[in-house]
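Here are a few exercises to work through with the viewer open. Try each task before you read its solution.

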Amino acid sequence: MPDAALPNVAWRPSPNFGPRADGAPVDILILHYTDMKTAEAAIDLLCDPASQVSCHYVVAEDGTITQLVAEADRAWHAGVSSWHGKDDINSRSIGIEIANLGHDHGYPDFPDVQIEAVIALACDICARHGIRPERILAHSDVAPARKRDPGEKFPWSRLAAAGVGHFVEPEPIRGGRFFSAGESGAPIEALQAMLALYGYPIQITGVYDLATEQVVTAFQRHFRPERVDGIADSSTIATLHRLGRALADKGENAVAEGVNR
């Protein structure tokens with residue numbers, strides 16, 4: 001039977017699941033897109049034993065919700081991923097797949113009815129598990145070297161306005177100092193430290209390497225979607241500062257110090 005206390009949640013069990021490791025608490029919600037032609041095709045894949053992938057829920061374009069794996073179980077949705085130094089994200093998360101063609105197939109906007117269903121489902125899950133807003137994440141946040149979903153078109157600000165997720169208004173894009181591939185020094189180290197403190201999987205090396213560019217790109221997709229280029233411009237850095245200050249003001253994080261701009 002479906003876990004969600006919502007009407008009209010269908011139940012189609014997938015065989016692709018296992019136990020959560022070491023009794024890990026459910027404290028992360030991961031949002032994905034399906035990257036397939038239809039929600040039905042995605043559900044078929046996620047229920048195919050040969051695929052070795054699954055998720056807890058799929059939200060179709062028309063807002064229909066299908067549950068595939070019980071929330072008590074470990075679905076196979078995040079893959080190789082990390083957040084705040086924890087690598088087995090599948091053991092501590094619930095995964096929602098949102099039907100969308102994805103970047104390689106036109107990447108259409110997410111319909112309003114679909115987003116309303118995602119908001120209702122996320123609110124229900126987070127209320128029952130006590131998931132904090134800053135731990136409602138994109139697949140690209142926890143796997144920045146591999147994933148782009150749900151992408152820069154996903155309306156994180158709309159979710160936050162409904163009480164789902166942590167978000168601040170992005171700093172406007174303007175001129176000023178920026179950091180990009182090949183640079184090194186203390187400011188790069190400070191940027192990496194801020195991203196790591198927020199939770200991103202990044203090594204603090206002081207070098208703006210490919211891994212840093214990938215993490216900055218993931219950050220932009222979620223928090224500064226107007227321009228996604230992997231360059232840490234003043235808008236990106238200021239938005240990261242504001243996110244950290246907002247968490248520090250709530251006493252939930254200390255990402256309040258940072259890069260000299």
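**Exercise 1. A helix and its neighbours**

Which elements do the buried residues of α2 pack against? Work it out on this predicted model.

*Solution.* 
- Start with the helix itself: α2 covers residues 112–129, 18 residues in total. From its first C-alpha to its last it reaches 26 Å, close to the 26 Å expected at 1.5 Å a residue.
- Next, pick out the buried residues, those under 20% relative accessible area. In α2 they are Gln-114, Ile-115, Ala-117, Val-118, Ile-119, Leu-121, Ala-122, Asp-124, Ile-125 and Cys-126.
- Then look for their partners. These buried residues pack against the strands β3 (28–33), β4 (57–59), β5 (65–67), β7 (93–98) and β8 (136–138), and against helix α4 (156–161).
- Finally, check what comes after the helix: Gly-130 follows α2, with a positive phi near 65°.

**Exercise 2. A serine in a loop**

Find what the side chain of Ser-51 makes a polar contact with.

*Solution.* 
- Locate the residue: Ser-51 sits in the loop between α1 (39–46) and β4.
- List what it touches, leaving out residues up to four places away in sequence: Asn-16, Leu-45 and Leu-46.
- Look for a polar pair: the side chains of Ser-51 and Asn-16 make a polar contact at 3.4 Å.

**Exercise 3. Aromatic pairs**

How many aromatic pairs does a search of the whole structure find?

*Solution.* 
- The search finds 11 aromatic pairs.
- Take Phe-110 and Phe-154: their ring centres are 5.2 Å apart and their planes stand at 90°, so this pair is edge-to-face.
- Because Phe-110 lies in the loop between β7 and α2 and Phe-154 in the loop between α3 (139–142) and α4, the pair ties together parts 44 residues apart in sequence.
- Check burial: Phe-110 counts as buried at 8% relative accessibility, and Phe-154 counts as buried at 3%.
- Now take Tyr-198 and Phe-223. With centres 5.7 Å apart and planes at 85°, these rings are also edge-to-face.
- This pair links distant parts of the chain, with Tyr-198 in helix α5 (residues 186–198) and Phe-223 in helix α6 (residues 210–223), 25 residues apart. Both Tyr-198 and Phe-223 are buried.

**Exercise 4. Confidence**

Where does pLDDT stay under 50?

*Solution.* 
- Begin with the whole protein chain: its pLDDT averages 93, and 96% of the residues score at least 70.
- Then find the exception to look at: pLDDT stays under 50 over residues 253–261.

Methods: Residues are numbered from 1 along each chain as its sequence is written. This is a predicted model: local features need pLDDT of at least 70, side-chain atom pairs count only at pLDDT 80 or more; totals for chains, interfaces and linings use all residues. Side-chain values use heavy atoms; hydrogens and water are left out. pLDDT is the predictor's confidence in each residue, from 0 to 100. Contact means heavy atoms within 4.5 Å. Helices (H or I, at least four residues) and strands (E, at least two) are DSSP runs, numbered from the N terminus. The expected span of a helix is 1.5 Å times one less than its number of residues. Buried means under 20% relative accessible area, exposed over 50%, partly exposed in between (1.4 Å probe, protein chains only). A polar contact is a pair of N or O atoms within 3.5 Å; within protein, one must be able to donate a hydrogen and the other to accept it, and residues adjacent in sequence count only if both atoms are side-chain atoms. Rings of Phe, Tyr and Trp (its six-membered ring) pair if their centres lie within 6.5 Å; planes under 30 degrees apart count as stacked, over 60 as edge-to-face and the rest as tilted.
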